[in-house]
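Visitor: I would like to learn how to read charged pairs in a model. Can you walk me through them?

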Amino acid sequence: MSAFTTLRTGQTMPTVGLGTWKSAPGQVKQAVLTALDCGYRHIDCAAAYCNEQEVGEALALRVGPGKTLRRDEVFVTSKLWNTKHEPSDVEQTCRTTLAHLGLSYVDLYLIHWPMAFQAGNELMPRREDGSVRYSDRHYTDTWAAMEDLVDRGLVKAVGLSNFNARQVDDIIKMARHKPAVNQVESHPYLSQADLLAHCRSAGVCLTAYSPLGSGDRPWASAQEPRLLEDPQLGEIAQRLHKTPAQIILRWHVQRGVVCIPKSVTASRIQENLQLFDFSLSEDDMTLVDALNRGQRFIVPTVERDGKRVWRDAEHPHFPFHDPY
C-alpha cells in the first residue's frame with residue numbers, strides 16, 4: 001500500500017497527515033515541527049481551528065528556499081468556514097488563510113460543512129437563546145466561488161468536508177473543477193463503507209478525520225465507548241506487536257482512505273506514521289470492519305426540551321439525515 005494517494009487532479013496526497021483540530025496555541029507549532037522532522041509531508045488545517053498563524057510559523061521554519069523542505073514537498077489543506085459561504089467572501093477568506101500560513105497557495109481547500117451560517121466574523125453567530133444564526137445560502141453557490149480560486153492559482157484543488165453522498169453528487173453535477181476529496185469523520189465505529197464506495201466510484205478521495213475516535217473531543221461523555229480501548233483492537237495490536245492506534249490507522253490505509261490523526265505528543269506523532277512496515281490480514285480487516293456501529297462522535301449536541309439533540313439538525317443542508 002502506497003504512502004501516497006493520487007487525486008483526480010494528478011496531485012499526490014500523502015496517505016497520513018497531521019491533524020491540527022483541537023491543538024492548542026503554544027502546542028501546535030511544535031507539533032507541526034515534530035511532524036515535519038519525522039517525515040510527515042501532509043498538514044491539515046482550517047480557519048475555524050484558530051491556530052493557522054502558529055502552523056504558519058512552523059512552516060516558515062522548515063519549508064521554502066534555503067529550508068529543509070521545498071514547498072512542493074509538503075501538502076497543505078485548509079477549509080472555508082460556515083460564516084464565509086457567500087460567494088463574495090470566498091476569495092478574501094482564502095487569502096487570509098494563505099497570509100496566516102505564510103503560503104502563496106494551498107494544495108487543497110475544502111468547504112468545511114455544507115451548512116452556511118450568518119455571514120460575518122463571529123465563528124458561531126448566535127441568537128439571544130444561544131441557537132446558531134443560519135443562512136440558507138446553497139453550497140453549490142459557494143462551490144462556484146471555490147472554483148475561481150483554482151483559476152487564480154490560490155489553491156491547487158478544491159474539495160468537500162462533511163458532505164453526504166447526495167450532496168457530493170449535487171456538486172459533481174454542476175462543477176467545472178470536480179471535488180478531489182471529501183473529508184469526513186471515519187473510524188472503526190463509523191466505517192463509512194457506503195460513502196467510501198460512493199466517493200470512490202465518483203473519483204473523490206475520502207479522508208478520515210478523527211480516525212482514532214477523537215477521545216479528547218470537548219463534548220465526550222464518560223459513558224461513550226473509547227475506541228482505543230476496544231478489546232478486539234487490543235488483541236490484534238498485541239498479536240502484531242503494534243499499538244491500537246497503529247492498527248486503526250493501518251486499517252484506514254488498507255481501505256484506501258487518507259487519515260489525519262491529531263496529536264501534540266512527539267512520541268505519538270512519530271508512532272502514527274509508522275504504518276508501512278506491516279499489514280493487516282484479510283481476517284484482521286474483516287474483524288475491524290465488523291466493529292462498525294454507525295456511531296458519530298463529531299456532531300455537537302445541545303440540550304432541548306430535556307433531550308440531547310444534534311445542534312444543526314434543523315439547517316436545510318444538515319448532512320446526516322440521509323442514510324450516508
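Guide: We begin with one residue. At 33% relative accessibility, Asp 141 counts as partly exposed. Buried means under 20% relative accessible area, exposed over 50%, and partly exposed in between (1.4 Å probe, protein chains only).

Visitor: Which residue forms a salt bridge with Asp 141?

Guide: Side chains of opposite charge can pair when their charged atoms come close. The cut-off for a salt bridge is a side-chain nitrogen of Lys or Arg within 4 Å of a carboxyl oxygen of Asp or Glu. Here the partner is Arg 137, with the closest N and O atoms 2.9 Å apart. Arg 137 is partly exposed too, at 25% relative accessibility.

Visitor: What should I know about the model and its values?

Guide: This is a predicted model: local features need pLDDT of at least 70, side-chain atom pairs count only at pLDDT 80 or more, and totals for chains, interfaces and linings use all residues. Residues are numbered from 1 along each chain as its sequence is written, and side-chain values use heavy atoms, with hydrogens and water left out.

Visitor: How many salt bridges does the structure hold?

Guide: The count is 20. One of them joins Arg 152 to Glu 91, with 3.3 Å between the closest N and O atoms. Arg 152 sits in the loop between α4 (139–151) and β9 (158–161), and Glu 91 in helix α3 (residues 87–101), so the pair ties together parts 61 residues apart in sequence. Helices (H or I, at least four residues) and strands (E, at least two) are DSSP runs, numbered from the N terminus. Arg 152 is partly exposed, at 47% relative accessible area. Glu 91 is partly exposed at 25%.

Visitor: Are Arg 311 and Asp 312 buried or exposed?

Guide: Both are buried. Their side chains meet in a salt bridge, 2.6 Å from N to O.

Visitor: Which residues are linked in a network of salt bridges?

Guide: Glu 147, Asp 148, Asp 151 and Arg 176.

Visitor: What does the side chain of Lys 79 reach?

Guide: Lys 79 lies in strand β5 (residues 75–80). At 0% relative accessibility, Lys 79 is buried. Its side chain reaches the backbone oxygen of Cys 45 at 2.7 Å. Lys 79 also makes a side-chain polar contact with the side chain of Asp 44, at 2.6 Å. A polar contact is a pair of N or O atoms within 3.5 Å; within protein, one must be able to donate a hydrogen and the other to accept it, and residues adjacent in sequence count only if both atoms are side-chain atoms.
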